[in-house]
Amino acid sequence: MATISRLSTPSHAASVSSTLKPRSAQPKILIGFYRSSDFNAKVSSSKLAVRSNPALRGPLVVKCSNVDGNGTPVKRTVLHDLYEKEGQSPWYDNLCRPVTDLLPLIASGVRGVTSNPAIFQKAISSSNAYNDQFRELVQSGKDIEAAYWELVVKDIQDACKLFEPIYDQTNAADGYVSVEVSPRLADETKGTVDAAKWLHKVVDRRNVYIKIPATAACVPSIKDVISLGISVNVTLIFSLSRYEAVIDAYLDGLEASGLNDLSKVTSVASFFVSRVDTLIDKKLEKIGTPEALDLRGKAAVAQAALAYKLYQKKFSGPRWEALVKKGAKKQRLLWASTSVKNPAYSDTLYVAPLIGPDTVSTMPDQALQAFIDHGSVSRTIDSNVSEAEGVYSALEKLGIDWSDVGTQLELEGVDSFKKSFDSLLDTLQEKANSLKIVSL
């Protein structure tokens, strides 16, 4: 995300409106699009990376300016086409202060934001923008974890404010900001429900998604939270079988809600992509046969295409039509983990082949920039389902157990988020000690 270095960080006590509207003495935010050849020299302060790549010929990149003036008119990007022509919502997988850094991304076509413990660990531990609020919170008697949640809630609230126009324009179909329950609760059904209720209450924004992991213990939590009328982003889905359980939990929750109007209770199912290839590619390299090596980089997209086929099947028929009569919206598939881990692969590998209606693609900086620069828009997700089925079956014949893959990736994902969460709390404790606010 591009940095606006001179935009002051307001007190946590300030209202959202004052947070998002610069005072007259502050610099105005300008939105400019530059060719990368002109911009590389100036990008050192920006978190929206521009990589030196001869294949990139003059890509458009986003830059926030902190000088006075009227700014450059914002140009359309491929992200606008992605939504308007193919019905896929591009979201941004990152959040940090100042949240007004999101404004140029919104102008470029971004329609929502996802966050997770790893994102907040990086944002809070690497920035001084949280220091004033953190100091006030600890001085007021908040413990470290309570202070963490207040920092997070403020960012989520402020981001929700920016995306409210999209939420309203789409009648609650888009414009969401996601915040995840504590990763320490991944094996606790009731604890997750209680945490989701609490987060929904304290954030108090119509367009917030409460993220719940798709662990075996939390699938029942999804049903309970949806039944309470709380919108949910189900995260860490790595297998078709778990995805089907997530869909069923959503449908069960809608039916159990007792609501006559279901139009404001929505959900996305975050199906992770690149991590699947990372793990399966290692297995294929161990097998080592030409057939196995030829399947590298194909597993994740194949499974995602079959997930979309399942989505189409589950959101049709008499059961679903009965819910539609009450205003229910489909639980959209959200493609997560879209950054490319293997430099030998195309940098849009986990975006370009997964374009289809009623889906979301959440992209971190690298994937977002790559797709804006040289991505093309066409419906691809179900363009060759038979090929996807062939890849899926071929991998099974080679001894790849999809269930084991899903289980391993889920455990790794939960563990990664727990480590990020614990690391951030340790960092905040150290920061409190260094500020001589509290003693050990």
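Cys218 is buried, at 0% relative accessible area, and Cys160 is buried too, again at 0%. Buried here means under 20% relative accessible area, with exposed over 50% and partly exposed in between (1.4 Å probe, protein chains only). The disulfide count is zero, taking a disulfide as a pair of cysteine sulfur atoms within 2.5 Å.

Keep in mind that this is a predicted model: local features need pLDDT of at least 70 and side-chain atom pairs pLDDT 80 or more, while totals for chains, interfaces and linings use all residues. Residues are numbered from 1 along each chain as its sequence is written, and side-chain values use heavy atoms, leaving out hydrogens and water.

**Lys314**
- Lys314 sits in helix H13, residues 299–314 (helices are DSSP runs of H or I, at least four residues, and strands are E runs of at least two, numbered from the N terminus).
- With a relative accessible area of 18%, Lys314 counts as buried.
- Its side chain makes a polar contact with the side chain of Glu244 at 3.4 Å; that term means a pair of N or O atoms within 3.5 Å, one able to donate a hydrogen and the other to accept it, and residues adjacent in sequence count only if both atoms are side-chain atoms.

**Largest pocket**
- The largest pocket holds about 690 Å³ of space; a pocket is an open set of points on a 1 Å grid where a 1.4 Å probe fits, with protein on both sides within 12 Å along at least five of seven lines, and lining residues have an atom within 4 Å of a point.
- Of its 29 lining residues, Asp93, Asn94, Asn116, Ile119 and Pro364 lie nearest the centre.
- Helix H5 gives the most to this lining, four residues.

Key
Grid points are joined across faces, edges and corners, and a volume is the space filled by probe spheres set on the points.
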